[in-house]
There are 4 protein chains.
Amino acid sequence: MITPCKPENLSDSCKPVLLDVQGLVDTRGIALQNAGIKNVMMPMQIVQKNAAKQWVQACVSISVGLSAEEKGTHMSRFVTQLSQWQQRPVFSLALSDFLRETRQRLSSQSAYIAIAFQYFIDKASPVSQLSSPMAYSCVLKASIDSNDLCQTVLSLAVPCATLCPCSKAISDYGAHNQRAEIRADLLLDSTENHHEIWIEDLVEGLENASSCPVYPLIKRVDEKFITEKAYDNPKFVEDVARDAILFIRHCDAVTGFQLEVEAFESIHAHNAWARHTENFITNLSC
Amino acid sequence: MITPCKPENLSDSCKPVLLDVQGLVDTRGIALQNAGIKNVMMPMQIVQKNAAKQWVQACVSISVGLSAEEKGTHMSRFVTQLSQWQQRPVFSLALSDFLRETRQRLSSQSAYIAIAFQYFIDKASPVSQLSSPMAYSCVLKASIDSNDLCQTVLSLAVPCATLCPCSKAISDYGAHNQRAEIRADLLLDSTENHHEIWIEDLVEGLENASSCPVYPLIKRVDEKFITEKAYDNPKFVEDVARDAILFIRHCDAVTGFQLEVEAFESIHAHNAWARHTENFITNLSC
Amino acid sequence: MITPCKPENLSDSCKPVLLDVQGLVDTRGIALQNAGIKNVMMPMQIVQKNAAKQWVQACVSISVGLSAEEKGTHMSRFVTQLSQWQQRPVFSLALSDFLRETRQRLSSQSAYIAIAFQYFIDKASPVSQLSSPMAYSCVLKASIDSNDLCQTVLSLAVPCATLCPCSKAISDYGAHNQRAEIRADLLLDSTENHHEIWIEDLVEGLENASSCPVYPLIKRVDEKFITEKAYDNPKFVEDVARDAILFIRHCDAVTGFQLEVEAFESIHAHNAWARHTENFITNLSC
Amino acid sequence: MITPCKPENLSDSCKPVLLDVQGLVDTRGIALQNAGIKNVMMPMQIVQKNAAKQWVQACVSISVGLSAEEKGTHMSRFVTQLSQWQQRPVFSLALSDFLRETRQRLSSQSAYIAIAFQYFIDKASPVSQLSSPMAYSCVLKASIDSNDLCQTVLSLAVPCATLCPCSKAISDYGAHNQRAEIRADLLLDSTENHHEIWIEDLVEGLENASSCPVYPLIKRVDEKFITEKAYDNPKFVEDVARDAILFIRHCDAVTGFQLEVEAFESIHAHNAWARHTENFITNLSC
């Protein structure tokens, strides 16, 4: 068995005998846009709108551009950096710092990160005002290139309800409704002077586009209110998409977006769906 | 490179030089209930109620009991058998034949199979009578033991709609409703004289327990009918479960069951759920 | 629009006008084993072996038994309780307290909970001793019945590697190996005098049953060590299962178990699989 | 209850009384790129390289562009068309016909379809030449715009094995290897004179880029061959990506592509990953 050597001695005693295969020269002449790791689970801290930090259990991908000459990237360095960044709260503005460090650690021209996590927001029911945490699926993606140009995309999924305008119009009573999901990929302004954008505000704006938001904890007074609100506010997925687009267009920090609404129809086993893209030009893969 | 030998010569020329490690003796003294393979994709034929055969793209697990003396099972034999059975239509009654063959091929005391597939049924809308295929997730599981005792479980998932009785009762108008799913695991009578049980009949009986079935293809006349039917027929998941239980208890071929109903609530991001079990004593793992 | 009433006034002013439909009498004569909610996301605290508390983002199901007379259960009460328990660290011993409270809140005879979460353990690489968090999928399930009898099941999934003994034996060099997963459902001794069982110890014991553990952060010295250790330690899924069984049998706090090993074979697109059950008699659904 | 009216009479007797809400005018001034349905399950026929037709169980999305004036699309028409196309074998060349019909049925300027399916190919083991079906995940996507310009993307996922060159180089014996997946999104030449591209050929070309293909059915002679071949042919995900790129660049019918390779590392619980894009400019969403 190998005698364990301490980390600080790695470069002295162990490395010489262990060939750096990744560092060999490649002759195929193909530079790769991404070489890295996927599905690394890591505890991370996200900054909330109220300035507090929320611990999340993130699923992270990190990669760098690989020049045509390099055979492979050094994947352990991504985990080392990620592990060290556990204690540093991150949000969109911090990701360029993360990626500059990645680029340097890997001696690369470009770097990419995607952090997927569940983000909890305390949400009060509409009448009884009882509050409980509700989780939203988020992904924060960023890239940096050789010119230090950064791109950041915040993706989030907001569950809500839609009530069918057609069903309401043609039926003597009732109207079919269902759970739906609004999913937005928001390209964020990465210039110095932009304000941080908050998941809390985005969730509120997007769920306002639906027939009615969903809530984690409701009493009968809330259920009556929600039922009647949805009936008063019938919307196709196309309607939700359009109202969500109107909201997103007014978000200062958003320079482009991709939006989709999917309703898990209660009259079908398949889903109704609407999608739209505006100025969503990005090198960040989905 | 090895010179390829033809299959029929395997036992003569190749086997002698390649040690049968699986066939070695194990000394830990532990017999295992299942040793086999999972997630084998295979085209298979399922017998429909109308006697026609439906090709499905199945995801199959097969295993045998492993005696304490055997080191391992011979996994390629499962694929060989499965591959040969592609042309033989299967349904619950045929699985005991399959497993007797498995038991023999593997020289084992017991054998198990689970076949998961999507099963299509042509379904007509309630008013316009327009028909289109609708898929139901099914799993057919069977076991055979050393006494030739067989067990068969048919699992199926039936999408449907539920309309909330509370929401209807307390609201001035409307009522929240949503897509739901009825999932049943049915232990089938494996005695000689039982009649085959048909997925077509089970689907119809289970969806009748809901506020309203869902349909693949509906026109406005259907949508009006469905909307009003659901409103006239409000049910909690508990109600659906109880009515489904009443149906299942009257299925002659079913000797025990596990049933659950899950509604993807349009007022919450979480689901309402009810579950019940009766005489569901089986060695078939979930 | 309804004038919001404050939560403390709910019972006085609002309830009288809103019919309690769930509280109506049911006449079908069918008691249900479970009525409740599924997939509630909630931040929770898990007690670590070192006595510190770890925040996890749990996915929770809670239910109660429903007597034949009751039409439905009151689902908001589950969320209220869960929301209030965020601040109380839980582990297996605490779940009976949780369920006694659930039973009382819902006026039920029995109660059930399942808490699924990712649990992080700092794990050092075998030679360089570099440490980084690694996530393990866990589910903690518990039930309480009318006689105050409790059952607790801890489920966990441990990724690891297997190296094929057959491939090693018959090949002139090399041996196929792959990522695998050991999944155990452990029925815990629920008597007063049992010691807490720690996920940290279970993970270590189970991964010792594999050809080699997997690590979150490794350097070349570690990679050499891991490669050679796996080659020195070839195991079929059947071998891993048997060695894991030997380990579990020696865990004092475990009174029964279900164990499976699944290897994502690098020579097939399907998986090798072994499974075994001992004294695993439980009313906790999978 | 409504008296069912026959389909052919729908326009005469039923429509007048049931308002066409989707057909109302929208005033928000927002045209949507996609309005349609998702996750429709449907049996479909795919043309094989050998000219035979293979029945698959497809999961389909269809949508059209929605002009700023229209409130909503008529979703049942998608299902009607899809249902009627069951009997017509499809492949990339046929999709433009499908979409022209969709565009007309929905009176839209543009139309989109995505058909996800498992495609079976009989695959023989390398030495014993035993054959069994193996499934490949495929998605066929197409769009048509107002200028009758078509785009087609064929996506496929090819499981394979990678053996780590670093592990082989630094270890005294053995080398870690694992199952991996090559995923390609191929933008197809949609001009009249292009030849059909066959999944069979793409699978073969892509798996040749790996350390070794995986097989559905192998005997010991095959296992020895595969083990040694992978050891003789060590590749990082970066190597597989580059060799796959060289193959794709030589496919005449492919005008652009997105490629990724993900290896389910046997030394980590996370994955190694490489990705590259060339001339992949498309309006087809992922």
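Tutor: Helices (H or I, at least four residues) and strands (E, at least two) are DSSP runs, numbered from the N terminus. This is a predicted model, so local features need pLDDT of at least 70 and side-chain atom pairs count only at pLDDT 80 or more, while totals for chains, interfaces and linings use all residues. Residues are numbered from 1 along each chain as its sequence is written, chains are lettered from A and ligands numbered from 1 in the order in which they are written, and side-chain values use heavy atoms, leaving out hydrogens and water.

Now to β5(C), residues 150–163 of chain C: 14 of its 14 residues are buried. Both of its faces are covered. One side has C:Cys150, C:Thr152, C:Leu154, C:Leu156, C:Val158, C:Cys160 and C:Thr162, and the other includes C:Gln151, C:Ser155 and C:Pro159.

Next, the pairing, which requires that DSSP finds at least two bridges between two strands. With β4(C), residues 131–144, β5(C) pairs in the antiparallel sense over eight bridges; here C:Thr152 has C:Ala142 as its bridge partner. The hairpin of these two strands has five residues between them, and C:Asp148 takes a positive phi near 65° there. With β6(C), residues 177–188, β5(C) is again antiparallel, over 12 bridges, and C:Ser155 stands opposite C:Asp185. Then there's β7(C), residues 212–213, joined to β5(C) by two bridges and running antiparallel to it; C:Pro213 is the bridge partner of C:Cys160.

Elsewhere in chain C, helix α5(C) (residues 199–207) packs with α7(C) (residues 237–249) at an angle of about 145°, with axes 8 Å apart. Those axes are lines fitted to C-alpha atoms, for helices over the stretch in contact, and angles run from 0 to 180 degrees between N-to-C directions. Taking contact as heavy atoms within 4.5 Å, C:Asp201, C:Leu202, C:Gly205 and C:Leu206 in α5(C) meet C:Ala244, C:Phe247 and C:Ile248 in α7(C).

Finally, an interface: 54 residues of chain D are in contact with 54 residues of chain A. The two chains bury about 4700 Å² between them, 57% of it on carbon and sulfur atoms, where buried area is the accessible area (1.4 Å probe) that two parts lose on being put together, summed over both. D:Lys38, D:Arg242 and D:Trp273 supply 17% of the area that chain D buries against chain A, more than any other three residues.

Key:
Buried < 20%, exposed > 50% of the residue type's maximum accessible area, 1.4 Å probe, protein only.
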